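Colleague: I am new to this structure and would like to learn how to read it. Please take me through it one feature at a time.

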Amino acid sequence: MEAAGNPFADPGLPPHEHRQQDIDERAARRSERTIALLFTVSMLATVAFIASYVAFPVDRIIYVFPLGHISALNFSLGLTLGIALFTIGAGAVHWARTLMSDVEVADERHPIEAAPEVKAKVLEDFAAGAAESGFGRRKLARNTLFGALTLVPLAGLVLLRDLGPLPQDKLRHTKWGKGKRLMNYNTMLALRPEDIAVGSLTFAMPEGMKESDHDFQTQIAKAALMLVRLQPENIKDKRELDWSHDGIVAFSKICTHVGCPINLYEQQTHHVLCPCHQSTFDLSDGGRVIFGPAGHALPQLRIGVNKDGYLEAKGDFAEPVGPAFWERG
Amino acid sequence: MSTATETQRGRKAPAGERVADWADGRLGVYSLAKANMRKIFPDHWSFMLGEVALYSFIIIILTGVYLTLFFHPSMEEVVYHGPYVPMQGVRMSEAFASTLDISFEVRGGLLIRQIHHWAALIFLAAMLVHMMRVFFTGAFRKPREINWLFGFLLFFLGMLTGFTGYSLPDDLLSGTGLRFIEGVFLSIPVVGTYISMFVFGGEFPGMDLIPRLYPVHVLLLPGIMLGLLVAHLILVFYHKHTQYPGPGKTEKNVVGMPLLPVYMAKAGGFFFLVFGVIAILSAVATINPIWAIGPYRPDQVSTGAQPDWYMGFAEGLVRVMPGWEINAWGHTLVLGVFIPIVLFPLVLFAIGVYPFIESWITGDKREHHILDRPRNAPTRTAFGVAWLTAYLVMLVGGGNDLWATSFHLSINSITWFVRIGFFAGPVLAFIVTKRICLGLQRRDKDKVLHGRETGIIKRLPHGEFIEVHQPLSQEDLHKLTQHEQPEPYEVGPAEDENGVRRKIKGSQKLRAKLSKGYYGEDNVIPKPTAEEYKEITSGHGHH
């Protein structure tokens with residue numbers, strides 16, 4: 001195989017080629033000085049790190065080209081720490097590459113598998129151990145053990161029950177209800193029809209919700225509402241028209257895909273877009289999905305005007321808001 | 001008993017030796033050192049990728065411990081009164097407020113936060129690239145399949161740990177990510193709403209999630225990962241490192257330099273290099289500026305919302321999936337969310353179990369320590385590139401809004417491009433890669449038989465111009481011809497020697513077919529034989 005006849009035979013490890021540092025002590029000493037310089041720079045950088053920590057107030061902002069206005073402390077600490085660490089690494093690697101031996105040597109490999117006699121011994125030991133245990137013969141003991149080991153994890157499983165409440169109909173209800181006024185989301189003032197301008201997206205929440213409420217986040221996650229004013233003749237969907245007031249339509253702000261709040265409105269087309277996964281809904285056509293991964297239309301809230309001239313809800317959403325789920329139906 | 005600590009002349013041994021003796025008596029360190037201190041590691045730049053992953057993991061642990069000293073994993077609402085003016089008077093969770101404190105009040109806190117986050121991104125990237133190196137060189141073959149699985153699990157758990165980590169500050173971006181998770185839970189048939197209620201402790205977002213994610217992020221997941229990492233490294237030592245083919249390198253040896261001193265210095269030094277680069281990066285490049293994003297409110301969102309890059313693949317699947325929902329018998333099957341979320345781990349697991357599939361197809365049960373040059377395993381290489389193509393196409397899908405705004409493209413056409421590209425791209429990549437591999441094999445064969453093109457043009461006495469080819473060195477000849485070209489697996493004749501029909505299982509036929517795809521005639525360029533080489537170089541057929 002390895003005879004002269006084979007032109008592709010392995011010639012074996014190539015002979016070691018000396019580096020400058022291997023044969024010239026002056027070159028080696030130059031390398032040593034470089035390494036020492038790098039380690040010295042590291043020491044200085046650590047001192048500079050501590051100095052920066054003491055010197056710069058935490059709120060000092062400086063201008064550094066081309067980074068812009070940045071925190072002086074973060075910049076100086078990061079830079080000095082980075083240099084202190086990097087130069088240790090550079091010194092060590094340079095040491096390894098120039099001064100430590102670079103002679104390649106070969107280690108032998110041994111097969112991972114055990115020798116046949118080892119395997120035989122192990123199997124024999126195992127058979128002896130298994131026989132002594134009676135695991136195969138004492139079937140009653142064995143099977144009840146299996147039964148016990150299968151059941152005992154149930155204790156742990158049961159303990160998980162109190163992680164949370166059962167879903168019941170929680171996902172079907174929001175804070176909206178008959179007669180609840182629509183509060184402007186920024187000013188927290190009740191909205192009148194004339195507050196809803198053509199071409200703008202207005203956000204609202206139900207009357208009686210306060211940011212400081214303990215469950216505000218949970219409630220707003222379902223109740224968030226958006227309003228737009230359309231020309232009534234542009235509303236294509238019959239039910240949408242019935243549930244609107246003077247061209248003002250109210251839809252859930254929570255995307256029916258995975259629950260991101262919708263915040264982009266195309267005035268001309270009356271499309272709204274969820275910025276997370278780009279589901280697009282047509283607000284002039286019952287909130288129908290026209291593009292993207294959402295699976296069903298945005299729920300509409302039926303609105304009207306109360307005797308004082310404020311917009312109010314005529315009830316809760318008729319269907320669950322937000323993403324679909326198994327029980328939604 | 002004093003012989004261990006004293007030399008024969010009765011002189012007391014040096015202090016270091018005495019300490020080592022003490023340790024040896026209790027831990028057996030001498031035997032350990034005998035096997036490992038001068039262990040040989042081969043040298044190649046690509047072996048450094050796994051080290052980057054290892055060191056960034058260590059950096060993440062170090063900085064993460066520091067962050068736990070200041071972070072409050074609580075969703076109790078507070079009104080901010082700290083030094084960051086734009087947020088003063090804003091309601092936020094304690095988790096968000098304490099993240100602001102880390103960024104603006106703890107000196108160096110911002111740096112550590114940024115190092116932690118940068119290191120996490122680099123950790124995941126390094127693992128993926130390291131995995132690709134192992135994949136394309138066939139380093140996952142026996143005896144290293146288990147270690148490939150450990151590495152794969154580290155990658156997968158790394159993604160989860162990263163996700164739980166960037167969710168902790170409870171900022172508007174990460175909260176939106178958690179809402180997405182709620183939608184994912186809800187899409188699970190039958191038990192979805194229950195899982196959601198149990199995980200969030202009620203309705204989304206509730207008050208329990210951050211305090212629950214916290215131990216998962218700082219203890220449970222990193223604990224498992226640390227265990228896997230140690231096992232991964234023990235196996236690397238135990239199997240000894242693979243090596244690229246070359247002169248003097250065989251399946252029975254490992255050629256390189258010893259751990260002490262060369263790799264102690266190189267690998268140890270490399271830790272500091274990685275740490276240094278990440279520290280400088282964190283000094284100059286802001287990452288996850290939660291103060292600019294603001295605290296989470298379920299009714300607010302920012303545009304251009306993106307997960308960290310390693311979640312981009314899952315994000316892409318979710319974005320481009322059509323919104324299929326099936327309503328029947330009062331129930332809803334939310335396929336539009338459920339399919340992508342099942343597909344996400346499945347696509348990853350396809351690469352995770354690949355070693356076992358390949359060894360079944362090829363029937364190769366031998367140990368391999370010499371790495372494949374990717375061109376010499378065209379089908380595997382093509383599969384890997386196809387997988388990467390699917391991954392990258394979905395990364396584009398995950399950022400479809402950014403692609404649209406940056407390149408002034410229609411979001412609809414990008415989405416359609418990704419939908420089609422996810423299926424067509426890998427097929428195309430597979431075919432192209434395979435052809436490139438076979439082309440490179442042909443070039444290797446050419447080089448072996450005809451030598452290297454020198455670029456020197458020579459005019460012969462009768463006027464013909466030829467290019468001078470220089471024969472390859474013995475080292476190169478060996479390197480280009482050392483690989484094996486196994487025969488494909490055959491089912492065997494349909495009838496045995498007595499003319500009785502043999503039972504051939506469907507799986508055997510499939511295996512034979514796939515095996516042909518690896519080693520069949522069309523999938524390999526026969527490497528030059530010694531006879532061909534002698535024929536050509538003996539002078540009969542010149543140039």
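Modeller: Start with strand pairing: two strands pair if DSSP finds at least two bridges between them. Helices (H or I, at least four residues) and strands (E, at least two) are DSSP runs, numbered from the N terminus. In strand 4 of chain B, B:V254 is the bridge partner of A:D107. This is a predicted model, in which local features need pLDDT of at least 70 and side-chain atom pairs count only at pLDDT 80 or more, while totals for chains, interfaces and linings use all residues. Residues are numbered from 1 along each chain as its sequence is written, and chains are lettered from A and ligands numbered from 1 in the order in which they are written.

Colleague: How many residues does each chain bring to the contact?

Modeller: Two residues are in contact if their C-beta atoms, placed from the backbone, lie within 7 Å. Chain B brings 95 residues and chain A 83 residues. On the side of chain B that touches chain A, helix 10 of chain B (residues 259–284) gives the most, with 18 residues. That side of chain B divides into 47 nonpolar, 31 polar and 17 charged residues. Here Ala, Val, Leu, Ile, Met, Phe, Trp, Tyr, Cys and Pro count as nonpolar, Asp, Glu, Lys and Arg as charged, and the others, Gly among them, as polar.

Colleague: How do I read a pair of packed helices?

Modeller: Two packed helices are described by the angle between their axes and the distance between the axes. Axes are lines fitted to C-alpha atoms, for helices over the stretch in contact, and angles run from 0 to 180 degrees between N-to-C directions. Helix 14 (residues 354–362) and helix 19 (residues 506–519) of chain B have axes that come within 8 Å and cross at roughly 100°. Helix 14 of chain B is therefore roughly perpendicular to helix 19 of chain B (under 35 degrees is roughly parallel, over 145 roughly antiparallel, 65 to 115 roughly perpendicular, the rest oblique). Helix 14 of chain B makes this contact through B:W360, B:I361 and B:T362, and helix 19 of chain B through B:R511, B:L514, B:S515 and B:Y518.

Colleague: How many residues of helix 12 of chain B are buried?

Modeller: A residue is buried if 20 or more other C-beta atoms lie within 10 Å of its own, exposed if 12 or fewer, and partly exposed in between, with C-beta atoms placed from the backbone. In helix 12 of chain B (residues 312–320), nine of the nine residues are buried, so the helix is largely enclosed by the rest of the structure. Among them are B:F313, B:E315 and B:R319. The cover includes helix 13 (335–352) and helix 17 (411–450) of chain B.

Colleague: Where is A:P275 found?

Modeller: A:P275 is in the loop between strand 9 (271–273) and strand 10 (280–282) of chain A. A:P275 counts as partly exposed because it has 19 C-beta neighbours inside 10 Å. Leaving aside neighbours within four places in sequence, the contacts of A:P275 include A:N263 and B:V301.
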